[in-house]
Amino acid sequence: MAGNHDYLKSTSYYRNYPWQGPVHMFLSQRPACMEFAEIGTCVYGLSYEQREITQSLYDAVRPQKRQPVEILLVHGGDEKHIPFRKNELVKQGYDYIALGHIHLPAELVKDQMYYAGSLEPTDKNDTGKHGYIKGEIKGGRTRVQFVPFACREYVHMEVKTEKDMTGRELKEKIARSIQERGVQNIYKMILMGFRDPDTIYDPGRLDTYGNIVEILDETKPAYDYEKLKTLNTDNLLGQYIESLADAKEGSIEAIALAEGVQAMLEAKGSKI
Ligand SMILES: [Mn+2]
């Protein structure tokens, strides 16, 4: 069936293509039933003939008990793409409801209703496993499982830095983490933790395997507060450090100390 992106325009190649073998095409937006007596199965579905459909077209479809197994194919689910209520659909008595539209796999009702998701991730935020749903319908009972299938996965990975970690050491740590998680995957790295205030990590030099699409540097400079305080006893910076001197690591006060000191130093335009 055609979905909202590849909907059946008048010029759609789907209309004239000689579909063959096990492939059959729903060529209308009117719900239809395809009967496969040789496998005792009916499949219900429809194709989009426009980009958006706001009517709940699946509400009007009912399994007609023509064959022992009856399956509904659904595309959409949001308000502009054939909205439905899963509890209503599942009550209608199909043996299985197969959903498409979103790219991530999702279970709506166990063994009854699933978004299979795309076989491969399609953009960098499609993290997590991708694959297909394999099901068996036997004696009126449906059992399904998700089968991971994608060659690659998009991974968002946090990497913890230490205050004395050099760029080279960070590069090695990232390379090791990628080896463990799989070099075939594609990464967004989020750098967390502390760094030397004089160190700036160069994202261009951290991509050992060429599979990092984004590096987010959220590291915080590890200031030597004692030294800063001594050098700034007569001004606001020194007083600020003094007032938060007892901040416990990880506390709001500690965050205020680090952010405040950073802001003041940047405003002064000075290095430590
Ligand atoms: Mn879609």
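How many salt bridges does a search of the whole structure find? The search finds 11 of them, a salt bridge being a side-chain nitrogen of Lys or Arg within 4 Å of a carboxyl oxygen of Asp or Glu. The structure is a predicted model, in which local features need pLDDT of at least 70 and side-chain atom pairs count only at pLDDT 80 or more, while totals for chains, interfaces and linings use all residues. Residues are numbered from 1 along each chain as its sequence is written, and side-chain values use heavy atoms, with hydrogens and water left out.

Side chains of opposite charge can pair when their charged atoms come close. Helices (H or I, at least four residues) and strands (E, at least two) are here DSSP runs, numbered from the N terminus. Lys-124 is partly exposed, with a relative accessible area of 39%, and Glu-214 is likewise partly exposed, with a value of 24%; in these terms, buried means under 20% relative accessible area, exposed over 50%, and partly exposed in between, for a 1.4 Å probe and protein chains only.

A network of salt bridges links Lys-129, Glu-153 and Arg-181. In the salt bridge between Glu-153 and Lys-129, the closest N and O atoms are 3.1 Å apart; Glu-153 lies in the loop between β8 and β9 and Lys-129 in the loop between β6 and β7, so the pair ties together parts that are 24 residues apart in sequence. Glu-153 counts as buried, at 9% relative accessibility, whereas Arg-181 is partly exposed, with a relative accessible area of 37%.

The nonpolar interior was examined next. A nonpolar core is a set of buried Ala, Val, Leu, Ile, Met, Phe, Trp, Tyr and Cys residues joined through side-chain atoms within 4.5 Å. The largest such core has 19 residues, of which Leu-72, Val-74, Leu-89 and Ile-97 touch the most other members. Two or more residues are given to this core by each of the elements β2 (41-45), β3 (69-75), β4 (96-100) and β6 (113-115). When its neighbours within four places in sequence are left aside, Leu-89 is in contact (heavy atoms within 4.5 Å) with Tyr-58, Leu-72, Val-74, Phe-84, Tyr-94, Ile-97 and Met-113. A second, separate core of 14 residues includes Met-157, Leu-170, Leu-191 and Leu-206.

Helix α4 (residues 236-243) has Leu-237, Gly-238 and Ile-241 as its buried residues. These residues cover an arc of only 100° around the axis, which puts them on the same side of α4, the arc being that of the directions from the helix axis to the C-beta atoms. The buried residues of α4 pack against α3 (225-231) and α5 (252-268), while the face turned away from the buried side carries the exposed residues Leu-236 and Ser-243.

Several features of the loops were also identified. Thr-208, placed in the loop between β10 (186-195) and β11, is partly exposed, with a relative accessible area of 40%. Apart from its neighbours within four places in sequence, Thr-208 is in contact with Lys-171 and Ala-175; the C-alpha atoms of Thr-208 and Lys-171, which are 37 residues apart along the chain, are separated by 7.4 Å.

A positive phi, of about 55°, is found at Lys-65 although this residue is not a glycine. Lys-65 has its place in the loop between β2 and β3 and is exposed, with a relative accessible area of 60%. Asp-111, also not a glycine, has a positive phi of about 65°; Asp-111 is found in the loop between β5 (106-109) and β6 and is buried, with a relative accessible area of 10%.
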